[in-house]
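User: I would like to go through this structure term by term, with each label set against its cut-off.

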Amino acid sequence: MEAVPARARVYIACAALAALLCLLPPPGVRTPWWAVALLAALYAGCERVARSRFVGNSHPAGTFYPVLLAGAFLLPAPAAALVAVPGALLSQVARRPVALRRIWRAAQLVLGVWAAATVHRLLGGPDAVAAADVPYALGPAGAAVLAFCLVLALLDGGILAVAERVPVRRAWRGLVARSLAPIAVHGLAGLMMAVLWHSPYGPVSALLVLLPMCVSWWAFAQYHRERAAHQATIRALVQAVDIKDGYTRGHSERVGQASMMIARELGMADERVEVLRFAGILHDVGKLGVPTRLLRKNGPLTPEERRVIELHPEYGHEMVRGIGFLGEARAAVLHHHERLDGSGYPYGLVGRQIPESARVVAVADAFDAMTSTRSYSRARPVAVALAELERCAGSHFDPVMVAALVEAVGRTGWHPAVTADDEETRPARVPPPGAPLSSRPGAHR
């Protein structure tokens with residue numbers, strides 16, 4: 001995000017201006033500044049811990065919401081919103097532009113906390129908290145948490161639509177559902193803090209609520225570390241394939257991207273989209289078991305050589321079948337060269353016998369092969385490659401997957417990279433007119 005689009009900067013500026021307006025205190029409202037300072041310092045400290053070695057740099061910033069929500073339950077809306085500002089502006093940011101990201105994060109939290117505090121006050125929540133009327137306090141607190149979650153989701157979806165041109169119908173899909181449950185847990189902790197704050201033991205007792213939250217927070221951070229280790233494992237395997245088969249360098253990443261585009265177009269859940277991205281990235285990992293001279297051979301392969309190369313799906317499946325987090329991606333690695341009419345390999349599966357993940361990767365794989373220049377074929381224009389996929393839909397490829405890719409590429413575009421070295425000096429193996437797909441550039445190795 002080195003170069004932020006102008007439209008995204010305008011969006012962030014509008015959010016920041018709205019946040020500044022929310023920080024203006026209404027006349028006649030007393031603000032307990034000592035409580036604001038204490039909660040702000042506590043939240044800022046939590047933000048620093050979130051980026052420390054103890055927790056792990058992969059842990060997402062700004063997830064320690066109990067302090068912010070406790071402020072929303074205890075303070076007037078402008079004062080509660082102010083609690084988030086120091087922590088957001090002082091938090092460590094790994095990607096540039098640092099200042100813009102900090103301003104964006106601060107604006108998000110200010111608007112979210114202000115909305116939560118306003119809803120909580122309108123429903124009479126502060127009186128219930130002060131009286132420790134916990135059953136009644138759950139209603140206003142739940143509404144406040146929902147408002148907080150909705151505002152964050154609205155802003156996140158907006159920045160996706162504006163900055164990354166994600167279609168509006170997809171920008172907000174699943175944002176509330178994914179975040180509501182964890183934020184609700186943080187909201188309960190924040191409510192407990194607020195109730196104990198008014199107890200005879202005061203703010204000190206409220207801080208004790210944070211201890212179990214810190215333990216769960218640390219455990220969640222370990223999950224993110226494990227996920228980062230999974231990503232590193234996949235990158236290492238892909239780099240090994242790229243080194244072995246230099247003509248297709250970058251192919252795996254692009255197939256992963258195309259698989260993800262198809263999955264999103266089909267409305268799959270985000271978790272499954274991620275698995276299909278892994279499937280696309282790892283589909284050719286079995287080439288590590290194929291002799292390099294065959295992968296780099298200029299010109300057509302002999303039948304014996306082709307049979308050796310056609311073993312790579314089985315080699316790949318053997319390599320990844322013990323990696324539990326890959327899920328259905330393992331089936332895609334094994335079956336991505338199957339065809340609907342049964343003419344594929346390694347098992348000649350027909351139609352719906354082919355796993356859905358493999359049908360997705362098969363289309364993504366063929367598309368990138370046709371739009372990339374290699375030792376045995378020259379790149380085709382994107383429109384020509386899509387037309388070829390549509391021609392072979394129903395016989396070789398699943399028509400649903402082809403239609404999804406056509407729709408996704410038509411909306412967002414596709415910018416293939418040339419993967420061959422010195423492509424101008426290498427002879428291209430051009431199939432004769434009317435040749436079957438098995439001899440065309442889309443029938444890659």
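Analyst: The side chains of Arg277 and Glu274 meet in a salt bridge, with N and O 3.1 Å apart. The model is a predicted one, in which local features need pLDDT of at least 70 and side-chain atom pairs count only at pLDDT 80 or more, while totals for chains, interfaces and linings use all residues. Residues are numbered from 1 along each chain as its sequence is written, and side-chain values use heavy atoms, with hydrogens and water left out.

User: Why is the contact of Arg277 and Glu274 called a salt bridge?

Analyst: The term requires a side-chain nitrogen of Lys or Arg within 4 Å of a carboxyl oxygen of Asp or Glu; the N to O distance for Arg277 and Glu274 is 3.1 Å, so the pair qualifies. By this rule the count comes to 13 salt bridges.

User: What separates Arg277 and Glu274 along the helix, and are they buried or exposed?

Analyst: They are three residues apart in helix H14 (residues 270-282), and therefore separated by about one helical turn; helices here are DSSP runs of H or I with at least four residues, strands are runs of E with at least two, and both are numbered from the N terminus. Buried means under 20% relative accessible area, exposed over 50%, and partly exposed in between, with a 1.4 Å probe and protein chains only. Arg277 has 17% and is therefore buried, and Glu274, with 17%, counts as buried.

User: Which residues are linked in a network of salt bridges?

Analyst: Arg272, Glu328 and Glu356 are linked in such a network.

User: Why is the pair of Trp34 and Trp197 called stacked?

Analyst: The structure holds four aromatic pairs, and in one of them the ring centres of Trp34 and Trp197 are 5.9 Å apart, with the planes at 20°. Rings of Phe, Tyr and Trp (its six-membered ring) pair if their centres lie within 6.5 Å, and planes under 30 degrees apart count as stacked, over 60 as edge-to-face and the rest as tilted; both values for Trp34 and Trp197 meet these limits, so the pair is stacked. The pair links distant parts of the chain, since Trp34 in helix H2 (residues 33-50) and Trp197 in helix H10 (residues 175-197) are 163 residues apart.

User: Are Trp34 and Trp197 buried or exposed?

Analyst: Trp34, at 53% relative accessibility, counts as exposed, whereas Trp197, at 10%, counts as buried.
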